[in-house]
Amino acid sequence: MSLMKRIQNIFAKHEPPAPEKSILTVGPGDVVDVSLVTYQVIGKASNASRKATMLTLQDGTTIRYLYIEEREKIVYHLYSVIDGRLDSIDEVPTTIEMDDVTYHLEEQYNGAIQTVGKAPFHTSGEQYIWQFQSDQRQLLRIEWQDGRFMLYEGESVLPADVQVLRGA
């Protein structure tokens, strides 16, 4: 290497290292670990007004959903899709009994979401959400968008059980 090349390399601007991914900034292609299971993120739906994100996670053929909401501390819920049907958003009850578990409405809200990758709802738009909790701390979530319902059951996850393993 010539002397001039060495001097140019000294004064050349080097690109700063890419910031490390956090669970709040992951997206499709990233790999995360949730409760000792490794998943690839294949989709993401974000509600900016609530600082909430629902990640679609895949481990082989298993698909799960990690709900992340940034409040005074970050809240994590891990969900699986369940079969169920409701006819109208006006018919969502405040109490639901399912498999001998009674769920009580904890929170109901709506907001605009942005989707990326493979998410339960393929288009961005207005989404309505009902979150329920049982006395045994089991979770039930109902989402409605564009005339379609999605029902999930799940559990809270400790922050220490969620890690980003590799960014895309």
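This is a predicted model: local features need pLDDT of at least 70, side-chain atom pairs count only at pLDDT 80 or more; totals for chains, interfaces and linings use all residues.
Local features required pLDDT of at least 70 and side-chain atom pairs pLDDT 80 or more, while totals for chains, interfaces and linings use all residues. Residues are numbered from 1 along each chain, and side-chain values use heavy atoms, without hydrogens and water.

Three aromatic pairs were found (rings of Phe, Tyr and Trp, the last by its six-membered ring, with centres within 6.5 Å; planes under 30 degrees apart are stacked, over 60 edge-to-face, the rest tilted). Tyr65 and Tyr152 pair edge-to-face, at 5.2 Å centre to centre and 70 degrees between the planes. Because Tyr65 belongs to strand 4 (residues 62–70) and Tyr152 to strand 10, this pair ties together parts 87 residues apart in sequence (strands are DSSP runs of E, at least two residues, numbered from the N terminus). Tyr65 is buried, at 8% relative accessible area, and Tyr152 is buried at 0% (buried: under 20%, 1.4 Å probe, protein chains only). Tyr65, Tyr79 and Tyr152 make up one aromatic cluster.

Arg50 sits over the face of Tyr109, 3.5 Å from the ring centre, and Arg148 over that of Phe121, at 5.1 Å (CZ of Arg or NZ of Lys within 6 Å of the ring centre and within 35 degrees of the ring normal).

The lining of the largest pocket comprises 15 residues, with Lys73, Val75, Tyr76, His77 and Ser156 nearest its centre (a pocket is an open set of points on a 1 Å grid over the protein atoms alone, where a 1.4 Å probe fits, with protein on both sides within 12 Å along at least five of seven lines; lining residues have an atom within 4 Å of a point). Strand 5 contributes the most to this lining, with four residues.

Note on methods
Buried means under 20% relative accessible area, exposed over 50%, partly exposed in between (1.4 Å probe, protein chains only).
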